[in-house]
Amino acid sequence: MLVPVLFGISVLAFMLGMASPGDPVEAILNPDGTQIIDQKEYDIVRERLGLDDPVPVQYVKWLKNALTGELGRSFFTNKEIKEQMAYRLPYTIRLACFGMALTVVFGLLFGILMAMRRDGPVDHALRFLTTLMLSVPGFWLAILLILVFVEKLHLLPTSGLNGFSSYIMPGITVAISTIGVCARLTRTSILDELGKQYVTVASSKGLNARKVTMRHAFRNSLIPITTFLGNYFAGILGGSTIAEVIFNIPGIGNYAISAVKSRDYYVVQAYVLFTALVYVVMTLVIDLLYLVINPKIRAGEKIG
Amino acid sequence: MSEKELGKNISLENYNICFETAKGKVRAVKDVNTVFEAGKVTGMIGESGSGKSVLGMGILKLLASNAKVEGRCLYGDTEISAYTEKQMDSFRGKEIALIPQNPAEALDPVIRIKKQLIEAVTSHGGAAKAEGEKRYEALMKRFGFQDSRETGRKYSFQMSGGMNQRIISVLGLMGSPKWILADEPTKGLDAILRRQVYGVLKDILCNDIKSMIVITHDVALARRLCDRILVLYQGEVLEQGDTSSVLGQPLHPYTEGLVRSLPSNGMVPIPLPDRDKESESKEGCVFYPRCPRACSRCVHEKPGDYQSADGRKVRCFLYA
């Protein structure tokens with residue numbers, strides 16, 4: 001299943017480069033649009049980029065290189081894409097892990113609290129808060145955070161990298177709406193489970209409400225939550241563009257944005273391929289996690 | 001036997017349960033006055049929706065959050081209907097344990113069977129895990145699981161319906177309760193499993209627990225198992241008394257109809273409610289629209305619980 005998906009994505013990624021407007025040759029020779037391009041010079045650059053080959057040939061060449069990790073050089077900076085990616089990836093991974101940690105901790109915590117205090121003041125307050133969180137646009141929040149923590153309180157660095165503290169605001173920006181969604185998903189999943197008969201039976205054994213919720217209802221509600229969190233993690237691993245640009249973190253998302261701006265389509269192709277790979281790998285990881293949390297899948301042949 | 005082994009009487013006084021729903025109040029249990037005697041098996045019979053399961057769950061206070069209970073439920077002299085959640089936690093499973101309905105859905109699908117069963121012992125604190133293990137081994141053997149270790153490692157969805165049925169019976173006994181509340185133990189089971197359930201309950205009665213409440217629509221099971229019978233219809237107890245007299249010489253027209261509807265008695269159905277009668281009586285007897293022996297008094301007046309000569313209580317003007 002994974003191989004055909006990757007193949008399909010690779011074709012699409014390649015086509016995306018082909019279909020995008022603008023001429024890369026022109027972009028290289030005439031970056032500011034003021035020079036007149038000599039036809040001979042144009043042809044040389046075109047040949048050097050391999051753009052004179054027929055499209056399928058270009059695709060096969062590109063794919064062969066991509067499979068060996070050779071993603072080519074940027075048209076624009078003439079730097080190895082592979083090296084650029086390797087340099088940028090750690091920043092994105094750090095940001096993604098921090099965002100994920102925030103989401104897991106607060107999303108689950110809020111969700112459990114809401115479910116346990118259903119229809120009480122805590123539930124109402126958190127429902128209001130989470131709705132607010134999931135409807136706040138990331139970029140707006142980022143600016144607000146800068147205004148408060150940097151301009152007014154002078155607590156955090158605006159941009160650039162000064163260790164952990166520089167990930168705090170980007171992390172919140174990346175996580176905020178997902179915390180809201182995750183908390184609500186956790187709440188409904190737990191409430192769904194709490195209505196089931198095995199929960200009543202667990203209470204009839206004399207277990208208190210907290211144990212019934214945590215040991216039984218929450219464990220069962222982990223199944224939908226894992227799917228959601230896995231997809232989210234894959235998403236932010238592919239680079240959280242807004243946060244990276246606003247806080248000037250040299251991650252993958254930032255790289256992709258500058259490539260799109262300069263029509264650097266080898267980079268865009270590499271980026272699309274990379275995000276697809278991340279998704280496919282995360283899907284695999286989620287499937288493996290299911291084996292851990294859902295014995296029905298582990299038991300294999302005896303499903304249902 | 002002493003009270004220590006039998007437990008205490010469970011009495012209900014003017015007991016009502018209603019549910020607040022989007023469409024308004026639904027009264028599921030109405031004005032129940034009865035005593036479940038310790039050392040006896042009391043059966044609650046009635047058709048689906050008659051409120052028998054709700055009444056049972058009400059005693060254990062395991063109702064949905066939109067349920068409202070009025071009246072009192074006493075255990076001996078203590079009012080358990082006034083217990084806090086915390087007090088209920090140490091009461092459930094220890095004084096009254098539940099043998100739930102739908103065995104397949106009564107067990108947590110992601111937790112191994114043994115762990116779930118032992119939880120019924122460890123939840124009450126004090127008791128060490130080792131004690132739970134010992135009790136688990138002994139009970140599983142008794143209920144026909146020779147390889148209790150292997151079975152304990154499984155999940156409920158890996159077991160057959162009959163096995164799950166036996167496992168939830170073990171579950172009810174794990175906490176060494178004084179009372180067992182068996183909720184629809186034969187619901188949806190075939191004849192062979194029904195016989196197994198009867199055997200299991202009989203076994204529990206002979207060896208472990210003498211005080212039991214059996215909620216069932218299975219009149220045949222109730223007749224064989226129970227000392228006393230409560231007949232419920234639309235949330236009201238219409239007749240209560242010893243099994244032999246209630247099912248042998250039924251007094252209330254509904255009980256009479258119920259007994260006559262048994263296959264062994266010719267399967268005569270109780271007539272469906274009369275539309276006109278249904279709309280005309282809102283305050284009257286709940287059975288009035290279907291009652292073959294209704295009189296004019298039944299339309300607007302609710303009958304009380306009238307004592308008959310042999311000590312039964314019947315909610316019908318015929319015995320006023």
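This is a predicted model: local features need pLDDT of at least 70, side-chain atom pairs count only at pLDDT 80 or more; totals for chains, interfaces and linings use all residues.
**Figure 1. Overall form of chain A.** Chain A is built of 14 helices and 0 strands. The C-alpha trace of chain A spans about 85 × 60 × 30 Å along its principal axes. The radius of gyration of chain A is 24 Å, whereas a compact globule of 304 residues would have one near 19 Å. Buried residues make up 36% of the 304 residues of chain A. When contacts in chain A between residues at least 6 apart in sequence are considered, 71% of them join residues at least 24 apart.

**Figure 2. The two domains of chain A and their contact.** Domain 1 of chain A covers residues 2-67, and domain 2 of chain A covers residues 86-302. Their C-alpha centres are 36 Å apart. Where the two domains meet, 14 residues of domain 1 of chain A are in contact with 10 residues of domain 2 of chain A. On the domain 1 side, the elements that give two or more residues are α1 (2-19) and α2 (24-29) of chain A. Of these, α1(A) gives the most, with 9 residues. The residues on this side of domain 1 of chain A divide into 10 nonpolar and 4 polar, with no charged residues.

**Figure 3. Overall form of chain B.** Chain B contains 14 helices and 12 strands. Its C-alpha trace spans about 65 × 45 × 45 Å along the principal axes. The radius of gyration of chain B is 20 Å, which agrees with the value near 20 Å for a compact globule of 320 residues. Of the 320 residues in chain B, 45% count as buried. Among contacts in chain B between residues at least 6 apart in sequence, 62% join residues at least 24 apart.

**Figure 4. An open antiparallel sheet in chain B.** Four strands of chain B form an open sheet in the order β2-β1-β4-β5, with antiparallel pairing. Strands β2 (24-36) and β5 (78-79) of chain B stand at the edges; each has a single partner strand, so one side of each is left without a neighbour in the sheet. Helix α2 (residues 52-59) of chain B packs on this sheet and touches β1, β2 and β4 of chain B. The direction of helix α2 of chain B makes about 70° with that of β2(B). Within the sheet, strand β1 (residues 10-21) and strand β4 (residues 67-75) of chain B pair in the antiparallel sense over 8 bridges. In this pairing, B:I10 stands opposite B:Y75 in β4(B).

**Figure 5. Strand β6 of chain B and its parallel partner.** Strand β7 (residues 179-183) of chain B pairs with β6(B) in the parallel sense over 4 bridges. One bridge brings together B:I96 and its partner in β7(B), B:W179.

**Figure 6. The two domains of chain B and their contact.** Chain B is divided into domain 1 (3-237) and domain 2 (241-319). The C-alpha centres of these domains lie 28 Å apart. The contact takes 12 residues from domain 1 of chain B and 14 residues from domain 2 of chain B. On the domain 1 side, two or more residues each come from α10 (219-225), β9 (228-233) and β10 (236-242) of chain B. The element that gives the most to this side is β9(B), with 4 residues. The residues on this side of domain 1 of chain B comprise 6 nonpolar, 2 polar and 4 charged.

**Figure 7. The contact between chain A and chain B.** In this view, 21 residues of chain A are in contact with 26 residues of chain B. On the chain A side, the elements that give two or more residues are α9 (197-204), α10 (209-237) and α14 (295-298) of chain A. The largest share of this side, 7 residues, comes from α9(A). The chain A residues that touch chain B divide into 7 nonpolar, 9 polar and 5 charged.

Methods. Residues are numbered from 1 along each chain as its sequence is written. Chains are lettered from A and ligands numbered from 1 in the order in which they are written. Two strands pair if DSSP finds at least two bridges between them. Two residues are in contact if their C-beta atoms, placed from the backbone, lie within 7 Å. Axes are lines fitted to C-alpha atoms, for helices over the stretch in contact, and angles run from 0 to 180 degrees between N-to-C directions. The radius of gyration is taken over C-alpha atoms; the globule rule is 2.2 Å times the number of residues to the power 0.38. A residue is buried if 20 or more other C-beta atoms lie within 10 Å of its own, exposed if 12 or fewer, and partly exposed in between; C-beta atoms are placed from the backbone. Domain bounds come from an automatic or database domain assignment. Ala, Val, Leu, Ile, Met, Phe, Trp, Tyr, Cys and Pro count as nonpolar, Asp, Glu, Lys and Arg as charged, and the others, Gly among them, as polar.
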